[in-house]
Amino acid sequence: MEQVHLFTKKLKPSHISHTLSFPTHVLEAFPFPQGAHMMKFEAVDATDNEWTFSLSTRLTGAYPKPVLLRSSWHRFVEQKGLVPEDRVAFFMERDDMVRRYTVRAQRKVMILMGQDVWVDVEDLPLYGL
């Protein structure tokens, strides 16, 4: 299966304390049931832990404005120790009708030759203490 990058987002304070907004174009990667405005999906992190997220779209308005609901997103934020300026990346693998999602939580550790260097938070010293 080929891994497809869905999006990467640098976190703002509102993403840490509330919801994580998704770009509208990635909705095509999530099979919402007909007429539904919310669905749950599982994503595996860098340590093969599975996370269940609730993705929701608004019922009215000019565009759907997809977000991960705080009830599912905040546990991930707390467990990973995420702070503003960290980033998350979502990926999808698809094989026929099976979709597998991956999520990465990363922190910028340095700038090397003008390029940001990001590492998974699980690889940082003191992670999980």
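This section describes the fold of one protein chain, from its overall form to single residues.

The model is predicted. The protein chain contains 2 helices and 8 strands. Along the sequence, these elements follow the order β-α-β-β-β-β-α-β-β-β. The C-alpha atoms fill a box of roughly 45 × 35 × 30 Å along the principal axes.

Of the 129 residues, 39% are buried. Among contacts with a separation of 6 or more, 53% join residues 24 or more positions apart. The chain exposes about 7,900 Å². Carbon and sulfur atoms supply 52% of that area. Charged side chains number 16 positive and 16 negative. The centres of these two sets lie 9 Å apart.

Strand pairing links several parts of the sequence. Strand 1 covers residues 3-10, and strand 6 covers residues 87-95. They pair in the antiparallel sense over 7 bridges. Within this pairing, F7 stands opposite F90 of strand 6. Strand 6 also pairs with strand 7, which spans residues 98-112. This second pairing is antiparallel too and has 9 bridges. Here V88 has A105 of strand 7 as its bridge partner. Strands 6 and 7 form a hairpin with 2 residues between them. In its turn, D96 has a positive phi of about 55°.

Strand 7 continues the pattern with strand 8, residues 115-120. The two run antiparallel and are joined by 6 bridges. M110 is paired with V117 of strand 8. Strands 7 and 8 form a hairpin, again with 2 residues between the strands. M113 lies in the loop between them. Its phi is positive, near 55°, although M113 is not a glycine. M113 counts as exposed because its relative accessibility is 81%, and the cut-off for exposed is over 50%.

Helix 2 spans residues 70-80. Its buried residues are S72, W73, H74, F76, V77 and K80. The buried residues of helix 2 pack against both helix and strand elements. The helical partner is helix 1, residues 13-17. The strand partners are strand 2 (20-21), strand 4, strand 5 (67-68), strand 6 and strand 7. Just after helix 2, G81 takes a positive phi of about 65°.

Two further loop residues complete the description. K65 is found in the loop between strand 4 and strand 5. K65 is not a glycine, yet its phi is positive, at about 45°. Its relative accessibility is 43%, so K65 counts as partly exposed. T47 sits in another loop, between strand 3 (38-44) and strand 4 (50-56). T47 is also partly exposed, with a relative accessible area of 41%. Leaving aside residues up to four places away in sequence, T47 touches K80 and E122. K80 is one of the buried residues of helix 2. T47 and G35 are 12 residues apart in sequence. In space, their C-alpha atoms are 35 Å apart.

Notes:
Residues are numbered from 1 along each chain as its sequence is written. This is a predicted model: local features need pLDDT of at least 70, side-chain atom pairs count only at pLDDT 80 or more; totals for chains, interfaces and linings use all residues. Side-chain values use heavy atoms; hydrogens and water are left out. Two strands pair if DSSP finds at least two bridges between them. Helices (H or I, at least four residues) and strands (E, at least two) are DSSP runs, numbered from the N terminus. Buried means under 20% relative accessible area, exposed over 50%, partly exposed in between (1.4 Å probe, protein chains only). Contact means heavy atoms within 4.5 Å. Accessible areas come from the Shrake-Rupley method with a 1.4 Å probe; for residues, only the protein chains shown count as cover. Lys and Arg count as positive and Asp and Glu as negative; His and the chain ends are not counted. The place of a charge is taken as NZ of Lys, CZ of Arg, CG of Asp or CD of Glu.
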